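The following explanation leads through a predicted model. It turns to helix packing and then to aromatic pairs.

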Amino acid sequence: MPIVIEDELWLETIERVGHTPQKLVGMVYARHPQDQPAPKPEEFATFGTVARVHHAMRDGGRIQFIAEGVERFRIAHWVRTERPFVVQAEYPRATQEAGKEVRAYALAIINKIKELLPLNPLYKENLRAFLERYTPDDPGPLADFAAAMTSADGEQLQEVLETVPLLRRMEKVLMLIQHELEVAGLQTRGHLVKVGVA
């Protein structure tokens, strides 16, 4: 996904990342007031996403780049509490839950995504890419990517990120997509009603 950040706050971080071969950075949701320039360590969530930085460029006091999510991590310990922040990370792994239930949830997520296609033209290309890339045989990434495509707010997406057990995470994602379907359906019906009245 595309990211835009203030270079005054994050330039040193992005420069450090750019000098590493992997170009990886930890991205963490922060709960802080909008009028503050930057979050403090205590305002960051515990779980975040390791992301690969692509095509970073500065423009008008901002840095733009494409972030490719790699895996979830948990902040185990703060090494440096001032920018550029440094943490010691742990990488929680979901246990390999196989079987009919996981496959059933994966298929349900895919089918709900297919239902979204005709209702939400804004996501059409993303949804098509999703359907081409993910299968029920790859349920963890499937669930994470499906959640990211919804219009859920940061707190809801953070809840999914922090849910390591796969079945519970898939349940949460299915609820988010169902909500997305209901909203898209209402918007479509409202549009049809308006067109009909006109």
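Helix H2, residues 100-116, packs with helix H3, residues 124-133, at an angle of about 150°, and their axes are 10 Å apart. H2 is therefore roughly antiparallel to H3, since angles over 145 degrees fall in that class. The crossing in which H2 passes H3 is left-handed. On the H2 side, the contact is made by Ile-109, Ile-110, Ile-113, Lys-114 and Leu-116, while H3 contributes Leu-127, Phe-130 and Leu-131. Of the residues in this contact of H2 with H3, seven are nonpolar, one is charged and none is polar.

Five aromatic pairs are present in the structure. One of them joins Trp-10 and Phe-85 in a tilted arrangement, with 6.1 Å from centre to centre and 55° between the planes. This pair links distant parts of the chain, the two residues being 75 residues apart: Trp-10 belongs to helix H1 (residues 7-18), whereas Phe-85 lies in the loop between strand E4 (62-80) and strand E5 (86-90). Trp-10 has a relative accessible area of 18% and is therefore buried, the limit for that class being under 20%.

Phe-85 also pairs with Trp-78: the ring centres are 5.5 Å apart and the planes stand at 85°, so this pair is edge-to-face. The relative accessibility of Trp-78 is 22%, which means that Trp-78 counts as partly exposed.

Conventions
Residues numbered from 1 in each chain as written. Predicted model: local features only at pLDDT ≥ 70, side-chain atom pairs only at ≥ 80, totals over all residues. Heavy atoms only, no water. Axes fitted to C-alpha atoms, helices over the stretch in contact; angles between N-to-C directions. Helix = DSSP H or I, 4+ residues; strand = E, 2+ residues; numbered from the N terminus. Parallel < 35°, antiparallel > 145°, perpendicular 65-115°, else oblique. Left-handed = near helix turned anticlockwise from the far one by under 90°. Contact = heavy atoms within 4.5 Å. Nonpolar A, V, L, I, M, F, W, Y, C, P; charged D, E, K, R; others polar. Phe/Tyr/Trp six-rings, centres within 6.5 Å; stacked < 30°, edge-to-face > 60°. Buried < 20%, exposed > 50% of the residue type's maximum accessible area, 1.4 Å probe, protein only.
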